[in-house]
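Subject: Structure handover

Hello,

Here is the structure I promised to pass on. Please have a look at it first, and then read my notes below.

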Amino acid sequence: MAEAKAPQQRGGQTEDVSAETLAEIGLRFEVDGEIATITLDRPDKRNAQTFATWSALARIGDSLPEQVRVVVVQGEGPSFSAGIDLRMFTPEGVPGQGSFGSAARLDSASFEQRIQEAQQGFRWLRRPEIVSIAAVHGHAIGAGFQLALSCDLRIVADDVKFCMKEPALGLVPDLTGTKPLVELVGLAKAIDICLTARFVEADEAMRIGLAERVVAGGDLAKAVQDKAAELLSTNRDAAAATKRLLQGAQSRTLEEQCAAEGAEQIKRLRAMFGGAA
Ligand code: ACO
């Protein structure tokens, strides 16, 4: 197993994604050939997430070794993730990271920047060059649900409980989860799930398209491993080009999509057989 390339330069600052730093934040990151695994690793606090978690996720994305094609996101202990660290709601907040109270007092531009930085921890999981798989068991609440939604695929254990808790707490989901949720389950079901903050369990998750596969808890790691192997069996560049096409499909007209298919294909053929640039 190898660590991420570390340290990285980002915004002029040296970014540390060493195992020790990640451990302090409650994360593990391992690379085994073409597969990278991110583990939320604060099981005693049900893998609750902080700004430091999201910033570290972004740094992992920035320093992802080039050979990686599949990224698995999983949680240690009984829950995938119980969402944002509830200390954020207290006046003291999370030591060194502030609270929602302090965030509310930021000017709009600074607040927007803070949110965007947090969202960077989630956004890179959609890159065309990789396929991300959330291996979800137990509770996936709020930020935990949104992290699972950031991944391309969700393979879930039969004890899974998704919940978009934010509206119940007076917040909106703002960690990139609303778009994939609507795309996966449709607007009406997304409204139902978010505005009731109810739990979505395994059978329903499978039925409404939130999960690709449900397995018994003990079989989750093997099911994810098998899916990763299947994904690695296709051509790397063709897979990335195909994912780009699929990601753009909904926002293009049929004519535009046909043109995009042609443009990608000519690149593939020229890469295979040579030809005009
Ligand atoms: N933030 C901080 N600590 C947490 C969180 C959290 N989100 N969730 C659980 N913990 C801590 C508990 O305080 C407890 O700590 P302690 O042992 O020091 O008392 C420990 O994790 C275990 O929690 P339990 O509640 O005892 O675990 P249980 O398995 O019974 O329940 C569950 C798990 C359902 C996830 C429950 O902990 C829970 O509801 N957590 C809060 C969920 C939540 O509201 N998240 C915010 C969503 S909104 C957003 O993410 C933006």
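How many residues of domain 1 are in contact with residues of domain 2? There are 10 on the domain 1 side, and they touch 6 residues of domain 2, where contact means heavy atoms within 4.5 Å.

Some background before the rest. This is a predicted model, in which local features need pLDDT of at least 70 and side-chain atom pairs count only at pLDDT 80 or more, while totals for chains, interfaces and linings use all residues. Residues are numbered from 1 along each chain as its sequence is written, and side-chain values use heavy atoms, with hydrogens and water left out.

**The two domains**

The domain assignment, which is automatic or from a database, gives domain 1 as 2-233 and domain 2 as 237-273. Their C-alpha centres are 28 Å apart. Between them, about 490 Å² is buried, with carbon and sulfur atoms giving 46% of that area; buried area here is the accessible area (1.4 Å probe) that two parts lose on being put together, summed over both.

The rule finds 1 salt bridge across this interface, taking a side-chain nitrogen of Lys or Arg within 4 Å of a carboxyl oxygen of Asp or Glu. On the domain 1 side, the residues touching domain 2 comprise 4 nonpolar, no polar and 6 charged. In that classification, Ala, Val, Leu, Ile, Met, Phe, Trp, Tyr, Cys and Pro are nonpolar, Asp, Glu, Lys and Arg are charged, and the others, Gly among them, are polar.

Asp152 forms a salt bridge with Lys243, and the closest N and O atoms are 2.6 Å apart.

**The cysteines**

A search of the whole structure turns up 0 disulfides (cysteine sulfur atoms within 2.5 Å). For Cys151, the nearest cysteine sulfur is that of Cys194, 17 Å away. Cys194 is in no disulfide either, with the sulfur of Cys163 nearest at 9.3 Å.

Best wishes
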